[in-house]
Amino acid sequence: MVVPPCPKERLRAAEEVVAQLRDELDSTGVPLPSLRVDLVSLTSESGAYPLVDLGRCNLDTALRLAAVLHGARR
């Protein structure tokens with residue numbers, strides 16, 4: 001994947017990825033309410049994609065995520 005040159009395009013690309021990830025997690029019953037694009041990394045002058053902040057979650061959500069990932073490996 002080629003890194004878009006301007007911050008606006010990088011943000012749009014990152015938001016699309018976050019939306020995809022949110023949809024997939026929601027469909028497995030593992031919503032991460034704090035999931036978002038890390039805006040500080042968006043302003044980096046390196047030109048790289050911004051980071052995705054998976055955020056914080058409670059123990060129940062963490063256990064559900066672990067179970068889904070474990071099931072995906074099988």
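A residue is called buried when its relative accessible area is under 20%. I kept this cut-off at hand while consulting the structure, which is a predicted model.

**Entry 1: Pro50**

I looked up Pro50 and found it in the loop between α2 (39–42) and β2 (52–53). Its relative accessible area is 8%, and because buried means under 20%, I recorded Pro50 as buried. I then listed its contacts, leaving out residues up to four places away in sequence: Pro50 touches Arg10, Ala14, Val37, Asp38, Ser41 and Leu42. For one of these, Asp38, I noted the separation: 12 residues in sequence and 6.3 Å in space, C-alpha to C-alpha.

**Entry 2: Val37**

Is Val37 buried or exposed? I noted a relative accessibility of 10%, so Val37 counts as buried. Neighbours within four places in sequence aside, its contacts are Leu11, Ala14, Glu15, Val18, Pro50 and Leu51.

**Entry 3: Thr61 and helix α3**

I found Thr61 in helix α3 (residues 59–73). Thr61 is buried, at 6% relative accessible area. Beyond four places in sequence, Thr61 touches Val30, Pro31 and Leu32.

I then checked the length of α3. At 1.5 Å a residue, its 15 residues should span 21 Å. The end C-alpha atoms are 21 Å apart, so the two values agree. At the start of α3, I noted that a side-chain oxygen of Asn58 comes within 3.2 Å of the backbone nitrogen of Asp60.

Terms used
Residues are numbered from 1 along each chain as its sequence is written. This is a predicted model: local features need pLDDT of at least 70, side-chain atom pairs count only at pLDDT 80 or more; totals for chains, interfaces and linings use all residues. Side-chain values use heavy atoms; hydrogens and water are left out. Helices (H or I, at least four residues) and strands (E, at least two) are DSSP runs, numbered from the N terminus. Buried means under 20% relative accessible area, exposed over 50%, partly exposed in between (1.4 Å probe, protein chains only). Contact means heavy atoms within 4.5 Å. The expected span of a helix is 1.5 Å times one less than its number of residues. A polar contact is a pair of N or O atoms within 3.5 Å; within protein, one must be able to donate a hydrogen and the other to accept it, and residues adjacent in sequence count only if both atoms are side-chain atoms.
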